[in-house]
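The structure comes first, and the account follows it.

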Amino acid sequence: MGAVLNLFVFGMGYSASHYLRHHAGLFAKVAGTARTPEKIEELGRAGLPALLFDGDSADSRILPMLSEADALLVSVQPTAGADPVLNRFGERIAASPAQRIVYLSTIGVYGDHGGAWVDEATRPEPASKRGRLRLEVEDQWLSFGAGAGKQVVVLRLAGIYGPGRNVLDDLRAGTAKRIGKPGQVFNRIHVDDIGQAIAAALASRVSGGVVNITDDEPAPAPDVVAFGAQLLGVEPPPMLPFEEADLSPMARSFYGANRRVSNARMKGSLGIELCFPTYREGLRDLMNNKQ
């Protein structure tokens, strides 16, 4: 980790807290934020100290901690065309000793490319308001880094799965669906491999910019559900045509974006060797570990 000693994390959600549970020992001091007192209490039980920041209210102890931070991890949902962290703490971060900032974004910024391969050089074309907002905030962080002399790395994450968030759980709960849409594929990444990517990005293996974080095999969602059912020894749910599926507006919007996202830069620049190159290895591991 080099000279990085103290890490501050804005937004200790699923991916960030999972990273910390496995990598916090790399730092002399780790602290961060959560949105609710209940989440702060949960993180505390896991040995992860958190302070309140919900976009409006902020614990006064955050400011002195930022003055000591050597690196930042930012995993906070943007709001109303802006990043809450930059809005509230931009000046303090600019003056802080932190030279390395990792911002967790999403491959959703690419929009629909008809199933074609895309990489970091592909022009993002987000169709949803959610995707456009993410892209705006990415640009804000990259511009902030250039102006403040900080190295900002934007990690665009594929669909996240891992312990407590996977198709095996959905099958056990009876909520899994197999929705067929010809030619549709989705990109995925195991949360352990996100942790690898965060660690590599904080270790200054790239000078900044954007890196896609995804596994090797974009795949149709029904294939993943069927494989999970095979592991559990149960019948997969029946195939539903996309047009007949009862989906929330957000879930339906995911099917409007079809692309295959390249992870070549992740492997080359970050030096990542995936623990789970496809959903098969990931689900087998979750099954073996009863997660």
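## Basis and a loop proline

Buried means under 20% relative accessible area, exposed over 50%, and partly exposed in between, with a 1.4 Å probe and protein chains only. At 23% relative accessibility, Pro163 is therefore counted as partly exposed. Pro163 belongs to the loop between β8 (159-161) and α6 (167-173), where helices (H or I, at least four residues) and strands (E, at least two) are DSSP runs numbered from the N terminus. Between the C-alpha atoms of Pro163 and Leu5, which lie 158 residues apart along the chain, the separation is 28 Å.

The model is predicted, so local features need pLDDT of at least 70 and side-chain atom pairs count only at pLDDT 80 or more, while totals for chains, interfaces and linings use all residues. Residues are numbered from 1 along each chain as its sequence is written, and side-chain values use heavy atoms, with hydrogens and water left out.

## Helices α4 and α5

Helix α4 (residues 84-95) packs with helix α5 (residues 129-148) at an angle of about 15 degrees, their axes being 11 Å apart; axes are lines fitted to C-alpha atoms, for helices over the stretch in contact, and angles run from 0 to 180 degrees between N-to-C directions. That angle makes α4 roughly parallel to α5, since angles under 35 degrees count as roughly parallel, over 145 as roughly antiparallel, 65 to 115 as roughly perpendicular and the rest as oblique.

On the α4 side, Val85, Leu86, Gly90, Ile93 and Ala94 meet Gln140, Trp141, Phe144 and Ala148 of α5, contact meaning heavy atoms within 4.5 Å. By class, this contact of α4 with α5 has seven nonpolar, two polar and no charged residues (Ala, Val, Leu, Ile, Met, Phe, Trp, Tyr, Cys and Pro count as nonpolar, Asp, Glu, Lys and Arg as charged, and the others, Gly among them, as polar).

## Aromatic pairs

Rings of Phe, Tyr and Trp (its six-membered ring) pair if their centres lie within 6.5 Å, with planes under 30 degrees apart counted as stacked, over 60 as edge-to-face and the rest as tilted. The count by this rule is nine aromatic pairs. One of them joins Trp141 and Phe144 edge-to-face, at 5.7 Å centre to centre and 80 degrees between the planes.

Trp141 and Phe144 are three residues apart in helix α5 and so are separated by about one helical turn. Trp141 is buried, with a relative accessible area of 0%, and Phe144, at 15% relative accessibility, also counts as buried.
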